[in-house]
Amino acid sequence: MCSAARSCILTNKIAWTWVNDELRIPGISAASADATVVPTWSRALVKAIINNPIECWTEEHFREPVVVGGFPFARVVVLCEPAAIRKVLVETPNAYPKNILERRILSARLREGLTGTDGEQWASQRRALAPLFGRKAVLQLAPAMAEAAVELVDRWRHRRSGETLDIKIEMDALALDVLTRSIFHAGLGGDPQTVHAAMVGFFAVAGRIDLFDLLGLPDAVPRITQWRMRDVLRTFERALDDAIAQGRRDRRPADAARDLLDTLLAAKDPETGRGMSDAEVKANVLTFFFAGQESTATALTWAIYLLSQSPGWSARVQAEAERELTSPFDGAADRLPQTRAVIDEAMRPYPPFAGVTRTASRRDELAGRMIARGTMIVISPYVLHRHRMLWDAPDRFDPGRFLDGAPRTVDRYAYLPFGVGPRMCIGAGFALQEATIVLATIMKHFTPALAPDQTVWPLQRFTLRPRDPLMMTMTPRA
Ligand code: HEM
């Protein structure tokens, strides 16, 4: 990333600033007075890459369309040029396969699923899975999403007045609840609390990078992170195996499916007629939790935080929710454009997945530069969405830029929270519907406020999360 001595923004701890009456988003202001110089391959740089990769981006990355850099063992190109991004992700995706490291750090249990496969196995699964996340199927899941949101606000209503909540933890639990209801209409069997605890433990381990994965050791070598959690992992996997076996026993056609598991069991590749093995079904259920839980929770967390800083947009979302958020809920998200614009805008400065990587499988030209075979291509929504050349006032929180009739439309390849091209997020429609319905439900009943003395700063782990607990009060509305 930082290939030469440049200013890296490492120490900007500002929570929020008002500049000429505009709310400025904390994070990376390229002209930050706090900019720190980090020389190539300094210990500080290595530490920053390990601790919080977004702190390695330099002013140059936010201004230049392409930045070439690298490590002693790999050449890296950071792309922010829309036509070049389109070439890599959409026009010639086969020349730019997913980066091997990305796949290596996926838990072994996820490698048979959509995120872990490649080539014909991936293509066949993607075709078979497409109907699960089509508009019709996603609309049918709206009531389950609304129910989960209503249960959450009911729980909050019973809290002591003025009590603070860690919104990040609340949204994690909510997103897990939505996925569980959508995938298993009757729950996961067994004692719900034990299974829930096992599930939380499983994903805590599945998302952790183990040193053995980085070293590329075979899956047969037990990972220290997983060894410690082996009982928890077993409980969750057993519950999952039972649910799949039960689903196979009372097999249903796709048009009578009660949940995503039924649809998954009935799914067939339309080109070959091939269904999925139990191992593939299981890996994909795990993949949906893995790819869909923390990401959606993070988008909601940032959206609530941003609204807490913007009374004007809070009022707009609350008015819209009062007017439009009524049963039946299928189609509700379409009636909530202002809420949806807040979600879209929240994912701009705080994209849940801060980086998408590919590897050039051949020599090629990108944005006027010759790119050597083997180069790692980094497309970072975090940098792209704050890029000085692509956005008007990138540090300003302005959901209006995503509303119909906005003065300047957003370039398709300048805004990529879900990626683009054949490997684009398959769950984008699901996530957007969930986030819109949940945010509207929360805002209909509460006004969020940040607790005093909070430092808000993004941290890139699996997703881009608030680094510290995000303590807020949720004041019930009259
Ligand atoms: C706000 C929430 C979400 C965001 C921001 C997000 C973003 C992304 C991104 C950036 C990718 C990788 C694209 C690439 O490498 O080109 C991806 C892939 C994927 N996402 Fe999501 N995602 C979200 C929610 C979900 C949900 C709810 C599900 C499923 C229930 C899901 C399932 C997947 C799967 C299976 C893939 C792999 C697709 C493939 O390789 O063909 N995601 N997502």
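How many helices and strands does the secondary structure of the protein chain come to? I looked it up: 18 helices and 15 strands. Helices (H or I, at least four residues) and strands (E, at least two) are DSSP runs, numbered from the N terminus.

This is a predicted model, where local features need pLDDT of at least 70, side-chain atom pairs count only at pLDDT 80 or more, and totals for chains, interfaces and linings use all residues. Residues are numbered from 1 along each chain as its sequence is written.

I checked burial next. Of the 478 residues in the protein chain, 44% are buried. A residue is buried if 20 or more other C-beta atoms lie within 10 Å of its own, exposed if 12 or fewer, and partly exposed in between, with C-beta atoms placed from the backbone. Leaving aside neighbours within four places in sequence, I found Met145 in contact with Val178, Gln433, Glu434, Ile437 and Val438. Contact requires C-beta atoms, placed from the backbone, within 7 Å.

**H15 and H16.** I looked at how helix H15 (residues 311-324) packs on helix H16 (residues 337-346): the angle is about 140° and the axes are 8 Å apart. Axes are lines fitted to C-alpha atoms, for helices over the stretch in contact, and angles run from 0 to 180 degrees between N-to-C directions. H15 is therefore oblique to H16. Angles under 35 degrees count as roughly parallel, over 145 as roughly antiparallel, 65 to 115 as roughly perpendicular and the rest as oblique. On the H15 side I noted Trp313, Arg316, Val317, Glu320 and Ala321; H16 brings Gln338, Thr339 and Val342.

Most residues other than glycine have a negative phi, and most peptide bonds are trans. I found the Ser327 to Pro328 bond to be cis, with omega near 0°. Pro328 is in the loop between H15 and H16. Asp453 has a positive phi, near 60°. Its place is the loop between strand S12 (446-450) and strand S13 (458-460). Asp453 counts as exposed because it has 7 C-beta neighbours inside 10 Å.

Definitions and conventions: Two residues are in contact if their C-beta atoms, placed from the backbone, lie within 7 Å.
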